[in-house]
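Dear colleague,

Please find below the structure that I am handing over to you. My notes on what was found in it follow directly after.

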Amino acid sequence: MKSGSLSDAEIDALYGLEPAIGAETASADGDASPAIVGVTCPYCGEPFETSADASAGPCKYVEDCQVCCQPIEMELRVDDAGNFAELVLRRGD
């Protein structure tokens with residue numbers, strides 16, 4: 001066993017895991033990668049971070065608040081070049 005800590009890729013390989021969404025990092029050639037976005041829950045007002053992956057273009061999805069567990073409608077918007085532009089949150093009720 002190596003001394004020191006293992007990298008995320010080494011841990012994934014060791015346990016046969018797939019990388020988590022949002023675990024990618026920006027590449028040297030500028031490829032788009034998921035952005036970590038700070039948001040505020042429209043229900044409880046608590047801030048939290050979420051991953052926004054614009055690689056598939058604009059989309060809408062539902063994610064539960066990490067604090068109060070209420071469903072939040074999220075709309076991911078991209079710019080003309082297909083890069084992340086903004087993440088719009090709405091209450092699901």
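Is Cys41 buried or exposed? Cys41 is buried, since its relative accessible area is 3%; here buried means under 20% relative accessible area, exposed over 50%, and partly exposed in between (1.4 Å probe, protein chains only).

Before the details, a note on the source. This is a predicted model, in which local features need pLDDT of at least 70 and side-chain atom pairs count only at pLDDT 80 or more, while totals for chains, interfaces and linings use all residues. Residues are numbered from 1 along each chain as its sequence is written, and side-chain values use heavy atoms, with hydrogens and water left out.

Overall fold

The chain contains one helix and five strands, where helices (H or I, at least four residues) and strands (E, at least two) are DSSP runs numbered from the N terminus. In sequence order the pattern is α-β-β-β-β-β. Of the 93 residues of the chain, 20% count as buried. Contact means heavy atoms within 4.5 Å; among contacts between residues at least 6 apart in sequence, 27% join residues at least 24 apart.

Helix H1 spans residues 8–15, and the number of its eight residues that are buried is zero, so H1 lies largely in the open. Gly16 follows H1 and has a positive phi, near 65°.

Cysteines

A disulfide is a pair of cysteine sulfur atoms within 2.5 Å, and by this rule the count comes to zero disulfides. Cys41 is in no disulfide; its nearest cysteine sulfur, that of Cys65, is 3.6 Å away. Cys69 is likewise in no disulfide, and the nearest cysteine sulfur to it, that of Cys68, is 6.7 Å away. Cys69 counts as exposed, at 55% relative accessibility. Leaving aside neighbours within four places in sequence, Cys65 is in contact with Cys41, Cys44, Phe48, Gln70 and Ile72.

Nonpolar core

A nonpolar core is a set of buried Ala, Val, Leu, Ile, Met, Phe, Trp, Tyr and Cys residues joined through side-chain atoms within 4.5 Å. The largest one has twelve residues: Val37, Val39, Cys41, Tyr43, Phe48, Ala52, Ala54, Cys65, Ile72, Met74, Leu76 and Leu87. Two or more residues come from each of strand E1 (35–40), strand E2 (47–52) and strand E4 (71–78). E4 gives the most to this core, with three residues.

Glu63

Glu63 lies in strand E3 (residues 59–64). Its side chain makes a polar contact with the side chain of Thr50 (2.8 Å). A polar contact is a pair of N or O atoms within 3.5 Å; within protein, one must be able to donate a hydrogen and the other to accept it, and residues adjacent in sequence count only if both atoms are side-chain atoms. Not counting residues up to four places away in sequence, Glu63 touches Phe48, Thr50, Gln70, Pro71, Ile72 and Met74.

Salt bridges

How many salt bridges does a search of the whole structure find? The search finds three salt bridges. Glu75, which is buried at a relative accessible area of 15%, pairs with Arg77 (3.4 Å, N to O). Glu75 also pairs with Arg90 (3.0 Å, N to O). Because Arg90 lies in strand E5 and Glu75 in strand E4, this pair ties together parts that are 15 residues apart in sequence. In the remaining bridge, the closest N and O atoms of Glu86 and Arg77 are 3.0 Å apart. Arg77 is partly exposed at 30%, as are Arg90 at 35% and Glu86 at 36%. Through shared partners, the salt bridges join Glu75, Arg77, Glu86 and Arg90 into one network.

Arg91

Arg91 is placed in strand E5 (residues 84–91) and counts as partly exposed, at 40% relative accessibility. Not counting residues up to four places away in sequence, Arg91 touches Pro42, Tyr43, Pro71 and Glu73. The C-alpha atoms of Arg91 and Met74, 17 residues apart along the chain, are separated by 9.0 Å.

With kind regards

Definitions and conventions
Salt bridge = Lys/Arg side-chain N within 4 Å of Asp/Glu carboxyl O.
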